[in-house]
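Welcome! Try each task before you read its solution.

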Amino acid sequence: MFNFFNKDNKIKTALTKTAQGFFKGIFNLNSAVLDEFELEDIETTLIKADLGVDLSVEIVDRIKEKKVKSNELKNFLKQEFCSILDSIDNYKLKFDSNKLNVYFVVGVNGAGKTTLIGKLASRFKKQNLKVLLVAGDTFRAAAQEQLDIWAKRAGVDILIEKIPPAALAYKGIDLAKSENYDVVIIDSAGRLQNKYNLIEELKKIKNVIVDKTKNDNLETILVLDGTQGQNGISQANVFFEAVKIDSCAITKLDGSPKGGIVLAIANELKLPCKLIGVGEKIDDLIDFNKEEFIEALFEQ
């Protein structure tokens, strides 16, 4: 089975700002019984870490219900977070060595979609796999040029043409099948300011991809900017209107104190976060590991 191994545990470094917020906010309490002011501090801290208001309130309500003491708080929150992440079945990126693997990547412009595609392509390439990028954001010349730069950096092939994105996706998958590629990664536009056109365009592309990959391995990945926090949830809802999302990838997590968004996504959207961007280098992309994630939050 194809697998990436996070040997450096970069997620711990990426979650430093979020974890420091936890410790500063709620783990220095000394009360045997948490009073209303301390419970409010806990709720505020969880919201600031971007677990979302509803989930934060639910967790604080359970703290009250179970009469959790201050010295029990860390373990209680660990258990709560583990329970949320355990509700998702699979955090591994889909891959089948006996099939063509197609990854359709969506997300708003500026979320780090192009960079993530380049990093993902590089990782597949280092596994000696034949990789094709399809520059499906055909409405922005800069987007295609940026993806071309990443393709060169990663040492993979790229298909760029000034044709409608659904037609380009069709052509890319045809090319991949005829030339025996292992992996195809298809980019897309993310212009939320024109929501209706975006949704209609994504529907067309997804329908083409589904029709062309009936016997292949397909995963649709939503890229979210880790610095945007709860805005990512509203963005995700837009893309859910258009296409079935299988998983998400969080970029720029190393610069954000809002790592709780991973928990919010699992809780509200029931989506697995499978990839984490933790820096600017081509190797700064890691698999999400729920055990490492929890430990990184609480063991800084």
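Asn128 sits in the loop that links helix H6 (113-125) to E2. Please keep in mind that you are looking at a predicted model.

**Exercise 1.** Find Asn128 and decide whether it is buried or exposed. Then look at its phi angle.

*Solution.* 
- Step 1: The relative accessibility of Asn128 is 73%.
- Step 2: Exposed means over 50%, so Asn128 counts as exposed.
- Step 3: Its phi is positive, about 65°, although Asn128 is not a glycine.

Now go to Asn180, in the loop between helix H8 (165-178) and strand E4 (183-186). Asn180 is exposed, with a relative accessible area of 62%. Asn180 is not a glycine, yet it has a positive phi of about 55°.

**Exercise 2.** Locate Phe139 and work out which residues it touches, not counting those up to four places away in sequence.

*Solution.* 
- Step 1: Look in the loop between strand E2 (131-134) and helix H7 (141-154), where Phe139 is found.
- Step 2: Phe139 counts as exposed because its relative accessibility is 52%.
- Step 3: The residues it touches are Pro165, Arg191 and Glu201.
- Step 4: Take Pro165, which is 26 residues from Phe139 along the chain; the C-alpha atoms of the two are separated by 8.7 Å.

**Exercise 3.** Is Lys113 buried or exposed?

*Solution.* 
- Step 1: Find Lys113 in helix H6.
- Step 2: Its relative accessible area is 4%. Buried means under 20%, so Lys113 is buried.
- Step 3: Leaving aside neighbours within four places in sequence, Lys113 is in contact with Val105, Val106, Gly107, Asp187, Ser188 and Val223.

**Exercise 4.** Why can strand E6 (residues 247-251) be called largely enclosed by the rest of the structure? Which strands pair with E6?

*Solution.* 
- Step 1: Five of the five residues of E6 are buried, so the strand is largely enclosed.
- Step 2: Follow the side chains. Ser247, Ala249 and Thr251 point one way, while Cys248 and Ile250 point the other way.
- Step 3: Strand E5 (residues 217-225) pairs with E6 in the parallel sense over five bridges. In this pairing, Val223 has Ala249 as its bridge partner.
- Step 4: Strand E7 (residues 273-277) also runs parallel to E6, joined by three bridges. Here Ala249 stands opposite Leu275.
- Step 5: Trace the chain from E5 through helix H10 (residues 231-242) to E6, and you have a right-handed β-α-β unit.

**Exercise 5.** How do helices H3 (residues 36-48) and H4 (residues 53-65) cross?

*Solution.* 
- Step 1: Their axes come within 9 Å and cross at roughly 145°.
- Step 2: The crossing is right-handed.
- Step 3: Residues of H3 that meet H4 include Leu39, Ile42 and Leu46, and those of H4 that meet H3 include Val57, Val60 and Ile63.

**Exercise 6.** Which residues have the most contacts inside the largest nonpolar core?

*Solution.* 
- Step 1: This core has 101 residues, and those with the most contacts inside it are Phe124, Ile185 and Phe293.
- Step 2: Helix H11 (residues 261-269) gives the largest share of the core, seven residues.
- Step 3: Look around Phe293. Beyond its neighbours within four places in sequence, Phe293 is in contact with Ile11, Leu15, Leu85, Gly259, Val262, Leu263 and Phe288.
- Step 4: For background, nonpolar side chains tend to be buried together in soluble globular proteins.

Definitions and conventions:
Residues are numbered from 1 along each chain as its sequence is written. This is a predicted model: local features need pLDDT of at least 70, side-chain atom pairs count only at pLDDT 80 or more; totals for chains, interfaces and linings use all residues. Side-chain values use heavy atoms; hydrogens and water are left out. A nonpolar core is a set of buried Ala, Val, Leu, Ile, Met, Phe, Trp, Tyr and Cys residues joined through side-chain atoms within 4.5 Å. Buried means under 20% relative accessible area, exposed over 50%, partly exposed in between (1.4 Å probe, protein chains only). Helices (H or I, at least four residues) and strands (E, at least two) are DSSP runs, numbered from the N terminus. Contact means heavy atoms within 4.5 Å. Two strands pair if DSSP finds at least two bridges between them. A crossover is right-handed if, with the strands pointing away from the viewer, the path from the first strand over the helix to the second runs clockwise. Axes are lines fitted to C-alpha atoms, for helices over the stretch in contact, and angles run from 0 to 180 degrees between N-to-C directions. A crossing is left-handed if the near helix is turned anticlockwise from the far one by less than a right angle, and right-handed if clockwise.
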